[in-house]
Amino acid sequence: MNLAQKYGPKTLADYRTHYQPLADLIRMYAEGKTEMPLLLFGPPGTGKTQLAELLPPALCAGFVPANAQMTIDAGLDTGINKIRAAKTFCEMYKANDDNFTAVIIDECDRLSGDAMDALKHLLPAYQGKPGMRVQFILTTNHVNRVPAPVQDRCHRMQVPQPTPEALLDFAMTILDAEGRRYDPTLILAILRTNTSRDGTVSYREFYKRLERLIAL
């Protein structure tokens with residue numbers, strides 16, 4: 001059973017956040033009010049990569065990730081050649097509205113020094129360039145490891161962990177859909193167990209706890 005896959009958001013409209021600054025920034029992108037590179041940061045398991053993947057289809061009609069999206073996992077490949085490949089990919093014609101390209105760099109803090117330097121120059125290269133649109137989306141668990149010149153070229157936005165209270169209604173919806181009936185007080189107590197120091201819990205941990213509960 002994979003509850004995250006089953007009940008997680010399938011489109012940007014389904015994406016849930018209780019952090020208003022993040023919701024406001026998502027709306028800015030969705031409404032076309034900014035095309036600046038986006039840097040998402042926060043603890044593991046908060047949905048940064050998921051949000052990065054949901055955003056591009058909402059920005060362009062006819063967007064097909066297989067043809068117009070490049071995803072770089074910097075945890076697996078830290079080298080400058082990936083940034084060079086991203087430049088080449090951006091300059092290829094995309095058969096969608098506005099010749100739109102999305103480049104997602106996951107765990108961007110893992111990039112080498114040379115790769116970061118190249119990225120610094122690539123991020124603003126296509127802003128306002130006629131005949132094309134490019135959206136860069138970077139994610140990291142450690143924003144302090146991302147060089148200041150790269151951060152300065154992006155909208156920086158925290159993706160925080162939600163509180164158990166904020167997740168309770170969603171938890172009850174999932175349990176109801178799975179045919180399980182529980183007292184909300186019990187579910188809240190389960191979500192509050194072993195939270196982070198600030199009393200929050202990651203979405204990854206949230207789904208795991210519900211999976212264990214349903215499996216009983």
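The face of helix 6 (113–122) that is turned away from its buried side carries the exposed residues Gly113, Asp114 and His121, where exposed stands for a relative accessible area over 50%, buried for one under 20%, and partly exposed for what lies in between, computed with a 1.4 Å probe and with protein chains only. The buried residues of helix 6 are Ala115, Met116, Leu119, Lys120 and Leu122. They cover an arc of only 165 degrees around the axis, which puts them on the same side of helix 6; the arc is that of the directions from the helix axis to the C-beta atoms. Among the elements that cover these buried residues are helix 5 (80–90), strand 3 (100–106), strand 4 (133–140) and helix 7, with contact taken as heavy atoms within 4.5 Å. Helices (H or I, at least four residues) and strands (E, at least two) are DSSP runs, numbered from the N terminus.

This is a predicted model, in which local features need pLDDT of at least 70 and side-chain atom pairs count only at pLDDT 80 or more, whereas totals for chains, interfaces and linings use all residues. Residues are numbered from 1 along each chain as its sequence is written, and side-chain values use heavy atoms, with hydrogens and water left out.

Ile83 is found in helix 5 and is buried, with a relative accessible area of 3%. When its neighbours within four places in sequence are left aside, Ile83 is in contact with Ile105, Leu111, Ala115, Ala118, Leu119 and Leu122; of these partners, Ala115, Leu119 and Leu122 also belong to the buried residues of helix 6.

Gln151 lies in helix 7 (residues 148–152) and, at 14% relative accessibility, counts as buried. Apart from neighbours within four places in sequence, the contacts of Gln151 are with Leu39, Val143, Val146 and Arg156.

Two loop residues deserve a remark on backbone geometry. Most residues other than glycine have a negative phi. Asn99, however, has a positive phi of about 50 degrees although it is not a glycine; its place is in the loop between helix 5 and strand 3, and it is buried, with a relative accessible area of 13%. Glu107 likewise has a positive phi, of about 55 degrees, without being a glycine. Glu107 lies in the loop between strand 3 and helix 6 and is partly exposed, with a relative accessible area of 29%. The loop between helix 5 and strand 3 also holds Glu91, which is partly exposed, with a relative accessible area of 44%.

| Pair | Separation in sequence | C-alpha distance |
|---|---|---|
| Arg181 and Gly47 | 134 residues | 27 Å |
| Ile83 and Leu210 | 127 residues | 39 Å |
| Glu91 and Val201 | 110 residues | 41 Å |

For the chain as a whole, there are 10 helices and five strands. With 216 residues, a compact globule would have a radius of gyration near 17 Å, and the value of 19 Å for the chain agrees with this; the radius is taken over C-alpha atoms, and the globule rule is 2.2 Å times the number of residues to the power 0.38. Taken along the principal axes, the C-alpha atoms fill a box of roughly 55 × 35 × 30 Å. Of the 216 residues, 45% count as buried, and among contacts between residues at least 6 apart in sequence, 77% join residues at least 24 apart.

The chain exposes about 11,000 Å², of which carbon and sulfur atoms supply 50%, the accessible areas coming from the Shrake-Rupley method with a 1.4 Å probe. The mean positions of the 25 positive and 24 negative charges are 2 Å apart, where Lys and Arg count as positive and Asp and Glu as negative, while His and the chain ends are not counted. The place of a charge is taken as NZ of Lys, CZ of Arg, CG of Asp or CD of Glu.
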